[in-house]
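Student: Hi, I have a structure open and I'd like to talk it through. Can we look at it together?

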Amino acid sequence: MESPAFDLAFEPAYGRAVPVAPDILRITAENPGPFTFFGTNSYLVGSSSLGVIDPGPEDEAHYHALMAAIGGREVTHIFVSHTHRDHSPLARRLQAQTGAVTVGQGPHRPARPLRTGEVNPFAESSDMEFVPDIALGDGETIAGDGWSLTSVLTPGHTANHAAFALEGRDILFSGDHVMAWSTSIVAPPDGAMADYMASLDKLIAREDGLLLPGHGGPVNEPKTFLPALKAHRLKREQAVLARVAAGDSGIAEMVKAIYRDIDPKLHGAAALSVLAHIEDLVERGEIAADGPPSLAARYRPARSR
């Protein structure tokens, strides 16, 4: 299977609400970057009263754009897909203004405990203050006025990542788990590749008709995009195994070979992605390490392949 056809065509329309489907508006925060593309997408769902999905970063212009799009309508719920600082912090001010109830999987936590001497490279990107009023389990539904959203727990990018399915509409708000413009970073200990792949299989089995992500434009053909995205991840896994088999014992060596065609400024993020694959491969007995998997550890094949 070919790699997914990533779509880089996107107009953020900063400060304006863009209709993306009936009774769904998208407002994009002006916080562009290597992990956020043009910025974070917030969504308003409903007509007479609203649910807000991913209010975004604590940003004055984005707050006023959201309030303008809300236009005096009641906001009953604020949904948060996960607790990175480009998605959840504005929930506090929006709740104070509207009185809405906050909803999410739970507070921020790592996918696994920090190891001795380990530093979480995404610690400063994590919103440790957000605690949802309603902590949703998998498959739990919140009903609003003319709309219902059901949680689809999708750990991987973060341990507390959730997507939200709009009942009766074949639409899934996919957060950062699946995006049309790029793969999502999976960086230990915040995220875990085994969890990510299991969550990807979960979405493949759902057969949604439209995905609305946390960054960039929609995934219009998820039934073909999602299997291609899985194949892309498995290809990266095979590349890691091949480099270890070829004698690369360090992650830095692997990154230089596997990601030789990307900007070296992104090699740090690529190293974390390789580490995520390696953690999974060590757990499965495909690779051996000289200690707990880390960016500094040395690796070798665990058995003849």
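Predicted model: local features only at pLDDT ≥ 70, side-chain atom pairs only at ≥ 80, totals over all residues.

Student: What does H6 reach from its first C-alpha to its last?

Tutor: It reaches 24 Å. That is close to the 24 Å expected at 1.5 Å a residue.

Student: And how many of the residues of H6 are buried?

Tutor: 14 of the 17 are buried, so H6 is largely enclosed by the rest of the structure. Just after H6 comes Gly 285, with a positive phi of about 80°.

Student: Let's zoom out. How many helices and strands are there in the protein chain?

Tutor: Six helices and 14 strands.

Student: What box do the C-alpha atoms fill?

Tutor: Roughly 65 × 40 × 35 Å, taken along the principal axes.

Student: What share of the residues counts as buried?

Tutor: 54% of the 305 residues. The chain exposes about 12900 Å², and carbon and sulfur atoms supply 53% of that area.

Student: What about contacts between residues 24 or more positions apart?

Tutor: Take the contacts with a separation of 6 or more. Residues 24 or more positions apart account for 63% of them.

Student: On to the sheets. What is the order of the seven strands in the open sheet?

Tutor: The order is E1-E2-E3-E4-E5-E6-E7, and the pairing is mixed. The edge strands are E1 (18-21) and E7 (134-135), and each pairs on one side only.

Student: How many bridges join E1 to E2?

Tutor: Three, and the two strands run antiparallel. Pro 19 has Leu 25 in E2 as its bridge partner. E1 and E2 form a hairpin with two residues between the strands. Asp 23 in that hairpin takes a positive phi near 60°.

Student: And how do E2 and E3 pair?

Tutor: In the antiparallel sense, over five bridges. E2 is residues 24-28 and E3 is residues 41-46. Leu 25 turns up again here: its bridge partner in E3 is Leu 44.

Student: Which strands does helix H2 lie across?

Tutor: H2 (residues 90-98) lies across E4 (49-53), E5 (74-79) and E6 (101-104). It runs at about 155° to E5.

Student: Now the open sheet of five strands. What is its order?

Tutor: E8-E9-E10-E11-E12, again with mixed pairing. E8 (141-143) and E12 (210-213) stand at the edges. Each has a single partner strand, so one side of each is left without a neighbour in the sheet. The twist averages 25° from one strand to the next.

Student: Which helix packs on that sheet?

Tutor: Helix H3, residues 193-206. It touches E9, E10 (162-166) and E11 (171-175), and its direction makes about 140° with that of E9.

Student: How do E8 and E9 pair?

Tutor: Antiparallel, over three bridges. Ile 142 has Leu 149 in E9 as its bridge partner.

Student: What about E9 and E10, how many bridges join them?

Tutor: Five, and those strands run antiparallel. Leu 153 stands opposite Ala 162 in E10.

Student: How many residues of E10 are buried?

Tutor: Five of the five, so E10 is largely enclosed by the rest of the structure.

Student: Which residues are on each side?

Tutor: Ala 162, Phe 164 and Leu 166 are on one side, with Ala 163 and Ala 165 on the other. In a regular strand the side chains alternate between the two faces of the sheet.

Student: And where does E10 go next?

Tutor: Into a hairpin with E11, with four residues between them. Gly 168 in the turn has a positive phi of about 75°. Three bridges join the two strands, which run antiparallel. Ala 165 stands opposite Leu 172 in E11.

Student: Last topic. Where is Asn 220 found?

Tutor: In the loop between E12 and helix H4 (222-245). Its relative accessible area is 48%, and Asn 220 is partly exposed.

Student: What does Asn 220 touch, leaving out residues up to four places away in sequence?

Tutor: Gly 209 and Leu 210.

Methods
Residues numbered from 1 in each chain as written. Heavy atoms only, no water. Pairing = 2+ DSSP bridges. Contact = heavy atoms within 4.5 Å. Axes fitted to C-alpha atoms, helices over the stretch in contact; angles between N-to-C directions. Expected span 1.5 Å × (residues − 1). Buried < 20%, exposed > 50% of the residue type's maximum accessible area, 1.4 Å probe, protein only. Areas by Shrake-Rupley, 256 points an atom, 1.4 Å probe, with all protein chains shown as cover.
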